[in-house]
Amino acid sequence: MATRPGPLTEWPWQRMGNFKYLVMAPVVVHGAYRVMNKGWGDIDLAYSLILPSLALRMIHNQIWISLSRYQTARSKHRIVDRGIEFDQVDRERGWDDQIVFNGLLFYVGYLAMPSVRRFPLWRTDGAVATALLHAGPVEFLYYWFHRALHHHFLYSRYHSHHHASIVTEPITSVIHPFGEHIVYFTLFAIPMLSTVYMGNGSALVFVLYIVYIDFMNNMGHCNFELVPKWMFQVFPPLKYLMYTPSFHSLHHTQFRTNYSLFMPFYDYIYSTMDKASDELYENSLKGTEETPDLVHLTHMTNLQSAYHLRVGFASIASKPSDNSEWYMWTLWPLAWLSMVVAWIYGSSAFVVERIKLKKMKMQTWVVPRYNFQVTNSPGHLCVYLMVASCLTVLFLPAVWSDMG
């Protein structure tokens, strides 16, 4: 929550919990009514993409969440060497609110603009127009709106909610009060509405534009550097057209620099480029190896315990492992897949979490084996005991020295 919450801070369905997805019921009912009365032939391309595109966006975001948390735990290219606070995890659980909101607006737009129903799959001229309109009006207006949000009046009432996350994760990118998202969607609607009225809009361009926004948002809020240096060496102007995680991380630590959305050239034009951007990028690419003082060695229990890893689903991981939700049966294919991956991975432990307690560096390592594999194999049990003994011998002196 912002430090001094203003109007339109809460999402309209905030108190509905997981029942918030019911707000999409009109889209489902409308589609079912059309199919029952006129058959599947009455469903046009634009309408048929509304719900699948929302599902794909959620999958896309979850993949970024899982990969980012895994890389943040094991990668030496971390940007901010701090852990994630529990209140940040709770604050960012509503990352799918903006997806639901966008789905409703797309549905309203579909009903309000009959020309959308005749959309072709692809228009090249519409794709070019979308790219130009994004680089121009969208990036320009976002830059100045973002700077306005850092004025103390708007910052305390809205934008401080987003900046409460110093250590960013991909989903941090969409954690804003409802009022902010209204403005953001209005900006992103400029290329889409313009192509509709120019008559060169297409369904695939709409979908790809949203994918581009999601991809850049998620990538830019990772807490590790993943943009290779050779990209800027091959095409030097790219540094004005694409930001990096280290570029945006500076905005979350310095607050008054690096305001651009995805294209930093407005920060260069208006002299708000952080002078430490290039240095932080270089240092993050080099990285720093970390030797832990303490290691917590663990393994999974049953198949569903895979969901309680930090790289999994926060809504499930926050509940006791024996608390089965009604929808858990739908995740069984993923549970079996995780076991197959564990078999392929072998018996080597992998890092899933880093914690820093004052000067002590701690890591959680997971052995990719389950209870039934350990109890049914005395050999595996001996291996785990040997690994645990070795870790104790290696790290216990360092722990005792820190405690002393």
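Q: How much space lies in the second largest pocket?

A: Happy to start there. Rolling a probe the size of a water molecule over the atoms shows where empty space is left. In this predicted model, the second largest pocket holds about 1,000 Å³ of space.

Q: Which residues are closest to the centre of the second largest pocket?

A: They are Ile84, Phe86, Arg310, Glu353 and Ile355, out of 36 residues that line the second largest pocket.

Q: Which element gives the most to the lining of the second largest pocket?

A: That is strand 2, with five residues. At least two residues each come from helix 3, helix 4, strand 1 (294-299), helix 15, strand 2 (350-357) and strand 3 (360-367).

Q: How do the residues of that lining of the second largest pocket divide into nonpolar, polar and charged?

A: There are twelve nonpolar, twelve polar and twelve charged residues.

Q: Let's move on to the largest pocket. How much space lies in it?

A: The largest pocket has about 1,600 Å³ of space. Its lining is made of 50 residues, and those nearest its centre are Asn18, Lys20, Tyr21, Arg93 and Asp96. Two or more lining residues come from each of helix 3 (50-74), helix 4 (86-91), helix 5 (97-112) and helix 15 (314-317). Helix 3 gives the most, with eight residues.

Q: What classes of residue does the lining of the largest pocket have?

A: The lining of the largest pocket has 28 nonpolar, eleven polar and eleven charged residues.

Q: Now for helix packing. At what angle do helix 6 and helix 7 pack?

A: Two packed helices are described by the angle between their axes and the distance between the axes. Helix 6 (residues 124-149) and helix 7 (residues 152-163) pack at about 105°, and their axes are 9 Å apart. Angles of 65 to 115 degrees count as roughly perpendicular, and helix 6 and helix 7 are therefore roughly perpendicular to each other.

Q: Which residues make the contact of helix 6 and helix 7?

A: Helix 6 uses His146, Ala148 and Leu149, while helix 7 uses Leu154, Tyr155, His159 and His163. Sorted by class, the contact of helix 6 with helix 7 has four nonpolar, three polar and no charged residues.

Technical notes:
Residues numbered from 1 in each chain as written. Predicted model: local features only at pLDDT ≥ 70, side-chain atom pairs only at ≥ 80, totals over all residues. Heavy atoms only, no water. Axes fitted to C-alpha atoms, helices over the stretch in contact; angles between N-to-C directions. Helix = DSSP H or I, 4+ residues; strand = E, 2+ residues; numbered from the N terminus. Parallel < 35°, antiparallel > 145°, perpendicular 65-115°, else oblique. Contact = heavy atoms within 4.5 Å. Nonpolar A, V, L, I, M, F, W, Y, C, P; charged D, E, K, R; others polar. 1 Å grid on protein atoms, 1.4 Å probe; cavity = no way out; pocket = protein on both sides within 12 Å on 5 of 7 lines; lining within 4 Å. Points joined across faces, edges and corners; volume = space filled by probe spheres on them.
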